Amino acid sequence: MAPSPREEMEAAVRQQTDRRTGVSDQEVNVTTHLAHIGALGWTIVTPPLGGMLAGRWLDHHLMGKGVLFSAALLLLGFGVGGWSAWNWMNHPHA
């Protein structure tokens with residue numbers, strides 16, 4: 001017998017509530033947590049490193065000396081990395 005619309009609605013609400021509170025039917029193991037931590041680390045580290053590399057290249061080719069582009073793109077990379085990490089942490093899979 002098919003579930004009634006009321007039962008379907010209750011199940012959907014329960015599932016949504018469980019997702020928001022972090023309750024899951026699956027058992028999460030240590031390797032899953034380590035994978036999430038690793039992904040978060042790369043999310044934070046990659047943009048500043050990319051900004052630094054692009055800045056060094058621009059400084060070398062456009063200015064010859066100095067750290068103007070390196071500093072600006074490094075700071076921009078930290079901002080992008082922090083924003084990405086914030087979004088990743090607030091996503092339901094986290």
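Analyst: A helix here is a DSSP run of H or I with at least four residues, and a strand is a run of E with at least two. On that basis the protein chain has 3 helices and 0 strands. The order of the elements from the N terminus is α-α-α. The model is a predicted one.

User: How do you know that the span of helix α2 agrees with its number of residues?

Analyst: Helix α2 covers residues 30-63, which is 34 residues. The expected span is 1.5 Å times one less than the number of residues.

User: Where does α2 bend, and by how much?

Analyst: The bend is at Val 45 and amounts to about 25°. It is the angle between axes fitted to the seven residues ending at that position and the seven starting there. After the helix comes Gly 64, with a positive phi near 85°.

User: Which residues of α2 are called buried, and what do they pack against?

Analyst: Buried means a relative accessible area under 20%. In α2 the residues that qualify are Leu 40, Thr 43, Pro 48, Gly 51, Gly 55 and Asp 59. These buried residues pack against α3, residues 68-89. Across the protein chain, buried residues account for 12% of the 94 residues.

User: Why is Asp 59 said to have no salt bridge?

Analyst: A salt bridge requires a side-chain nitrogen of Lys or Arg within 4 Å of a carboxyl oxygen of Asp or Glu. For Asp 59, the nearest side chain of opposite charge is Arg 56, at 5.3 Å. That distance is beyond the cut-off, so the buried Asp 59 has no salt bridge. Beyond its neighbours up to four places away in sequence, Asp 59 touches Gly 64, Lys 65, Gly 66, Val 67, Leu 68, Phe 69 and Ser 70.

User: What makes Arg 56 partly exposed?

Analyst: Partly exposed is the class between buried, under 20%, and exposed, over 50%. Arg 56 has a relative accessibility of 48%, so it counts as partly exposed. This residue of helix α2 is 11 residues from Val 67 in sequence and 7.3 Å from it in space, C-alpha to C-alpha.

User: Which pair does form a salt bridge, and how do you know?

Analyst: Arg 6 and Glu 10 form one, their closest N and O atoms being 3.3 Å apart. The limit is 4 Å, so the pair qualifies. By this rule the count is 1 salt bridge. The two residues are 4 apart in helix α1, residues 5-21, and are therefore separated by about one helical turn.

User: How are Met 63 and Met 89 classed?

Analyst: Met 63, in helix α2, has 41% relative accessibility and therefore counts as partly exposed. Leaving aside neighbours within four places in sequence, its contacts are Leu 58, Leu 68 and Phe 69. Met 89, in helix α3, has 47% and so is also partly exposed. Met 89 is 49 residues from Leu 40 in sequence, yet their C-alpha atoms are 8.1 Å apart.

User: What share of the accessible surface of the protein chain belongs to carbon and sulfur atoms?

Analyst: The surface comes to about 7,700 Å², and carbon and sulfur atoms hold 67% of it.

Technical notes
Residues are numbered from 1 along each chain as its sequence is written. This is a predicted model: local features need pLDDT of at least 70, side-chain atom pairs count only at pLDDT 80 or more; totals for chains, interfaces and linings use all residues. Side-chain values use heavy atoms; hydrogens and water are left out. Buried means under 20% relative accessible area, exposed over 50%, partly exposed in between (1.4 Å probe, protein chains only). Contact means heavy atoms within 4.5 Å. Accessible areas come from the Shrake-Rupley method with a 1.4 Å probe; for residues, only the protein chains shown count as cover. Lys and Arg count as positive and Asp and Glu as negative; His and the chain ends are not counted.
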